[in-house]
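Welcome to this tour! Please open the structure in your viewer and get ready to select things one at a time.

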Amino acid sequence: MKPAPFQYTAPETVEESLVLLHTFREEGKPLAGGQSLVPLLNMRLARPSVLIDLNRVRELSYIHDEDATVSIGAMTRQRAVELSSLVREKLPLLAEAVRYIGHPQIRNRGTVGGSLAHADPAAELPVVTLVLGAQLVVRGLEGTRVLRPEEFFVSFLQTALAPEELLVEVRFPVHRTYGTAFLEVARRHGDYALVGVAAMVQMDGERCTEARLGFTGVGPVPVRLPEAEEAATGRPLDDSTLGEIARIVAARLDPHSDIHASATYRKEVAGILAGRALRLAAERFKQREGA
Amino acid sequence: MKRRAQTNASRRTPQARRSKQAKVSLPPLWTRKEIRLRVNGVEYTSTVDVRMTLVDFLRHELGLTGTHVGCEHGVCGACTILLDGQAVRSCLLFAVQADGAEITTVEGLGTPERLHPLQEAFRDHHALQCGFCTPGFLMSTLAFLRENPEPSDEQIREVLAGNLCRCTGYQGIIDAVRDAAQRLRSGYGA
Ligand SMILES: Cc1cc2nc3c(=O)[nH]c(=O)nc-3n(C[C@H](O)[C@H](O)[C@H](O)COP(=O)(O)OP(=O)(O)OC[C@H]3O[C@@H](n4cnc5c(N)ncnc54)[C@H](O)[C@@H]3O)c2cc1C
Ligand code: FES
Ligand code: FES
């Protein structure tokens, strides 16, 4: 199918983009990488009157090292994040997760901001911002808001963004002092996750001193499970601890069934992936300590 | 193909609607727009409907029908082309967005008399049957092998997951890509 008619405009600055968004509100739609929006246009599931193409807004494309955080502009391509040595060194969890997004052909266009603003319940980047406690910087003509992921992700494909606002930047805390791992199960490499897990740990010898666990694909928004995190804390990540965590995960998560997998299967997989991710994160923590 | 601009877009500016933010001079709104781009080394100027996808522009306006259209939502990979050297879905871009870009399509690879080594490898390994998916596979692989001249089988499988083939069962394609990497490394035919 072909998109319904629209008007097209290509601002070159954030300021111009914001005035355009403010002018057209619900009628206008920002176009980032187009990897989610253009399919919706082609299928006529979205019919904006005005398409505001952000691809010429150069000031939104950057990866800045700010010591304790790395700030990434909304229009930074997912592929640029994947290939960045700074990201690999300072944001290993993001570096690992981004490679699970679609295929290189998709990541060449898809942007960091677009993935977060789209808020697909099975997407990788939202859960990464959640476990890292990243900050999402949102701008409108009236000012700037800095949101936590818990505030930003509202529901299935819904965020706290108002129609006249832009997500302009994401500030990721540097997490070199953690062992991290991102794992997912999908039908094929590049498909959306049936279940994805992001894990972060700190260890004291064999004992886990801090754990964070986030899940994607198991609800309308990415979730953390404090109860499972507590079950890991202060204990060795052995079979008995991981078994208990898998039980908590299966009991606490409330995923849906669809043509790809049943809810029961998703729970089972989430529990097992959580254990594997924690173990891998712990191994990586030890390797770094040893190095 | 050089076409004269027909009605030169509807240049209704948003200021007309709302003068409050008149400080910032806003870019025009277009329904048709003139674009200039290079495709396989040839410069084109054309006026397009802004809602025309790049793949439709290549096929219908430039007559370059080597690039195929399957799903129109980014899943099948049949429409893969190179945009400024990077493999992308041409069904998920509008032609207006390619203004100023350098594009390579399958027509830019080899000629029937002198195939590109990648095309020869596909032929030699029966990496195609109906051929519908082939242009997309070739363009994805072309970009991939430039970045990874010595790929592992694992990497080959990973990149090929971005393209669908209903005929071959993929094994021939994997063999072809492995072989093409070798041919390109040894400078054969390139
Ligand atoms: C075949 C295929 C496979 C894919 N697989 C995956 C996958 O496994 N995992 C995954 O996470 N994603 C996947 N995607 C989606 C891909 O990651 C998209 O890039 C992403 O969802 C949207 O980013 P985009 O830059 O393309 O945004 P667009 O598609 O341009 O925009 C998406 C939405 O966000 C809005 N928006 C964009 N940028 C901003 C901004 N800065 N401020 C406010 N609103 C904004 C747009 O208005 C639109 O509503 C896949 C896509 C395809 C085609
Ligand atoms: S037609 Fe573009 S990916 Fe299928
Ligand atoms: S050869 Fe027929 S779809 Fe691939």
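One definition first: a residue is called buried when its relative accessible area is under 20%, exposed when it is over 50%, and partly exposed in between. Keep in mind that this is a predicted model.

**Stop 1: a helix in chain B.** Select α6 of chain B, residues 171-185, where D175(B) and R178(B) sit three residues apart, about one turn of the helix. Their closest N and O atoms are 3.2 Å apart in a salt bridge. R178(B) has a relative accessible area of 34%, so it counts as partly exposed. D175(B), at 24%, is partly exposed too.

**Stop 2: a pair in chain A.** Now select R145(A) and E165(A), whose side chains form a salt bridge at 2.7 Å, N to O. R145(A) belongs to strand β7 and E165(A) to the loop between β9 and β10 of chain A, so the bridge ties together parts that are 20 residues apart in sequence. Are these two buried or exposed? R145(A) is partly exposed at 31%, while E165(A) is buried at 13%.

**Stop 3: ligand 1.** Select ligand 1 and the 31 residues that surround it. They come from chains A and B, so the site is shared between chains. Look for α7(A), which gives the most to this shell, with four residues. Next, click on E124(A): one of its polar side-chain atoms is 2.7 Å from a nitrogen atom of the ligand. The protein buries 94% of the 970 Å² that ligand 1 exposes when taken alone.

Definitions and conventions. Residues numbered from 1 in each chain as written. Chains lettered and ligands numbered in written order. Predicted model: local features only at pLDDT ≥ 70, side-chain atom pairs only at ≥ 80, totals over all residues. Heavy atoms only, no water. Near = heavy atom within 4 Å. Polar contact = N/O pair within 3.5 Å; in protein donor to acceptor, adjacent residues only side chain to side chain. Areas by Shrake-Rupley, 256 points an atom, 1.4 Å probe, with all protein chains shown as cover. Helix = DSSP H or I, 4+ residues; strand = E, 2+ residues; numbered from the N terminus. Salt bridge = Lys/Arg side-chain N within 4 Å of Asp/Glu carboxyl O. Buried < 20%, exposed > 50% of the residue type's maximum accessible area, 1.4 Å probe, protein only.
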